[in-house]
Amino acid sequence: MIIDIKKSSILLKTKISLRSQKYYLYCVYHSPSASDAEFLNILDNFFDSISFNSTLIVIGDFNIDLAKNSFYASKLNVLINKYGLYQLVDSFTRITKQSLT
């Protein structure tokens, strides 16, 4: 199910039931050319609107470099903590001659 598409940001949702457990899987994409401020606002509103009574898994490409000490990296970390989420990826996933992201 597509939840929201706004100016290069996409949120998709699916429910997974395994035995008696329910999981909600959300896939997030934020275009690097789109506004980080708008994306974080959309994400905050989205998390605020959902129920956290089942296991929540969020995957995707946020295109905000958490390795940098930037305003939007800090805002994303605050948002992650606000909703009791945590980052599992702890190393760079894209390595080129020009960047590590």
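A polar contact, as the term is used in these legends, is a pair of N or O atoms within 3.5 Å; within protein, one must be able to donate a hydrogen and the other to accept it, and residues adjacent in sequence count only if both atoms are side-chain atoms. This is a predicted model, in which local features need pLDDT of at least 70, side-chain atom pairs count only at pLDDT 80 or more, and totals for chains, interfaces and linings use all residues. Residues are numbered from 1 along each chain as its sequence is written, and side-chain values use heavy atoms, with hydrogens and water left out.

Start at histidine 30, which is found in strand S3 (residues 21–30); helices (H or I, at least four residues) and strands (E, at least two) are DSSP runs, numbered from the N terminus. The side chains of histidine 30 and aspartate 36 are joined by a polar contact of 2.8 Å. Histidine 30 counts as buried, at 0% relative accessibility; buried means under 20% relative accessible area, exposed over 50%, and partly exposed in between (1.4 Å probe, protein chains only). Serine 31 has its place in the loop between S3 and H1. With a relative accessible area of 9%, serine 31 is buried, and a polar contact of 2.9 Å joins its side chain to that of serine 33.

**View B. Helix H1 and its two faces.**
At the start of H1, look for serine 35: one of its side-chain oxygens reaches to within 3.3 Å of the backbone nitrogen of alanine 37. Helix H1 covers residues 36–49, and its end C-alpha atoms are 20 Å apart, which agrees with the 20 Å that its 14 residues should span at 1.5 Å a residue. That expected span is 1.5 Å times one less than the number of residues. Phe39, Leu40, Ile42, Leu43, Phe46 and Phe47 are the buried residues of H1. Seen down the axis of H1, these buried residues fall within an arc of 160°, so they line one face of the helix; the arc is that of the directions from the helix axis to the C-beta atoms. The exposed residues Asp48 and Ser49 sit on the face of H1 turned away from its buried side.

**View C. Aromatic rings in pairs.**
The structure holds five aromatic pairs; rings of Phe, Tyr and Trp (its six-membered ring) pair if their centres lie within 6.5 Å, and planes under 30 degrees apart count as stacked, over 60 as edge-to-face and the rest as tilted. Tyrosine 26 counts as buried at 4% relative accessibility, and phenylalanine 46 counts as buried at 6%. Another pair brings together phenylalanine 39 and phenylalanine 62, with ring centres 5.7 Å apart and planes at 90°, so it is edge-to-face. Phenylalanine 39 and phenylalanine 62 are both buried. Ring pairs also link Tyr26, Phe46, Phe47 and Tyr83 into a cluster.

**View D. Glycine 60 in strand S4.**
Finish at glycine 60, which lies in strand S4 (residues 55–61). Glycine 60 is exposed, with a relative accessible area of 53%. The C-alpha atoms of glycine 60 and leucine 18 are separated by 22 Å, and the two residues are 42 residues apart along the chain.
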